[in-house]
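Dear colleague,

Here is the structure I promised to pass on to you, and below it I have set out what was found in it. Please read the text with the model open beside you.

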Amino acid sequence: MDYSKFFSADVPSFLRSPVREIFRKVDLSAICSFAGGYPAAVTFPTDQIPSLTAKVLEKYGTKALQYGATQGVPELREVIARRYGVPVSQVQITTSSQQGIDVCSRVFLNPGDVVLADNPVYLGALQSFKAYRAEVHSISETVASNIKFIYVIPDFNNPSGKTMTLEEREEVVRVARELDILIIEDSPYRELRYSGEPVKTIRELASERTLQLGSFSKIFAPGFRLGWIIGPEELLEQIYVCKQCLDLCPPVLDQYMAAEFMGSGALDANLVKTIAEYRRRRDLMLSLLEKYMPSGVSWTYPEGGLFLWLTLPEGVDTVAMYDEALSRGVAYVAGSFFYTDGSHRNTMRLNFSFVDEAKMEPGIKLLADIISHAV
Ligand SMILES: Cc1ncc(COP(=O)(O)O)c(C=O)c1O
């Protein structure tokens, strides 16, 4: 039977994530994977989950298992509002920040509209923008018409690992004000800083036109699928209506647990340990790259987050190299997947949070060997 006639006109624009395709094929625990953006399991507060669950059930009873408000439970919105110094009315809870990206795309984009974004860009965002048939242009291409918003990850970018300077953030704000467009500030890594000084957020610079997306995935556990949007009430109102048909409400038990975890100070205590763990892993990866990579290979020095970005000599093709790498037991993501035009085939993204420290040295050594033969 030909099923293709059943699909909507949006379906041909859906992009498959090459990263997720890798996970479908490979048992991550069996190889040395620098590919995904998975947090380290040791950072999850696993031992606190039973008492946290018991506490929430004792405090909220069946309410914790019932449907909740579409904006999110008040307790969680209040904790987030306090932490980031905004009114509760400017906080919408989302079922993860990926949903935050998608719901913003759905509310703001018409087919043919333009999103200005970093190039390379986070794949999940690209998937949402394309699913609503928007075009994605680089931030420097402000001459395009129909520009709807600027999408940026100012802190510890996925995939590049870069952090925008204050001047770069001010420039984004200047462009957005000049074109009178919105800014989506995707900020899942901001709290994971290992060195350097925090820079003002874009929301702090232009709260009137910024929707800032936050996430519990990297500071609590991604399995909870919880995030939030901070933004102007008029914009959140429409997002609230849209979210009614997406999921009615974010997961309620998860929200109460997150509220308890964040509100009690346990999240901050866990964050201290998480940051120390990731700083060690980042530094280890940087020192191993220094030790093993052949000359002509360069990389970014991320001040936080989970990724760094490698640039290999011109002509080396990380897409072509991939099968060999995988068969020898090491995985990465080819950098060209993050470019809308598939260019920059001599780049790759490496994740340093997921791989155990013990596996990191053999993994980088192997990768360096594969690269040396390709140069
Ligand atoms: C930049 C960025 N935004 C959003 C997400 C989605 O995170 P989540 O949906 O788990 O909150 C990720 C995940 O890796 C990311 O890197």
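I begin with a pair of strand residues: S298 has T311, in β10, as its bridge partner. Helices and strands here are DSSP runs, numbered from the N terminus, where a helix is H or I with at least four residues and a strand is E with at least two. Two strands are said to pair if DSSP finds at least two bridges between them. Both strands belong to an open sheet of 4 strands, whose order is β9-β10-β13-β12 and whose pairing is antiparallel. At its edges lie β9 (298-299) and β12 (333-334), each of which pairs on one side only.

Before going on, please note that this is a predicted model, in which local features need pLDDT of at least 70 and side-chain atom pairs count only at pLDDT 80 or more, while totals for chains, interfaces and linings use all residues. Residues are numbered from 1 along each chain as its sequence is written.

The surroundings of the ligand come next. There are 14 residues around the ligand, and the closest are S96, S97, Q98, S215 and S217; a residue counts as near a molecule or strand if its C-beta atom, placed from the backbone, lies within 6 Å of it. Sorted by class, this shell holds 4 nonpolar, 9 polar and 1 charged residues, where Ala, Val, Leu, Ile, Met, Phe, Trp, Tyr, Cys and Pro count as nonpolar, Asp, Glu, Lys and Arg as charged, and the others, Gly among them, as polar.

One of those closest residues, S96, also has a phi near 85°, which is a positive value in a residue other than glycine. S96 sits in the loop between β2 (91-94) and α4 (97-108), and S96 is buried, with 22 other C-beta atoms within 10 Å. The term buried requires 20 or more other C-beta atoms within 10 Å of the residue's own, exposed means 12 or fewer, and partly exposed lies in between, with C-beta atoms placed from the backbone.

F156, in the loop between β5 and α6, likewise has a positive phi, near 55°, and F156 is buried too, with 26 other C-beta atoms within 10 Å. The loop between β5 (147-152) and α6 (166-179) also contains P159, and the peptide bond joining N158 and P159 is cis, with omega about 15°.
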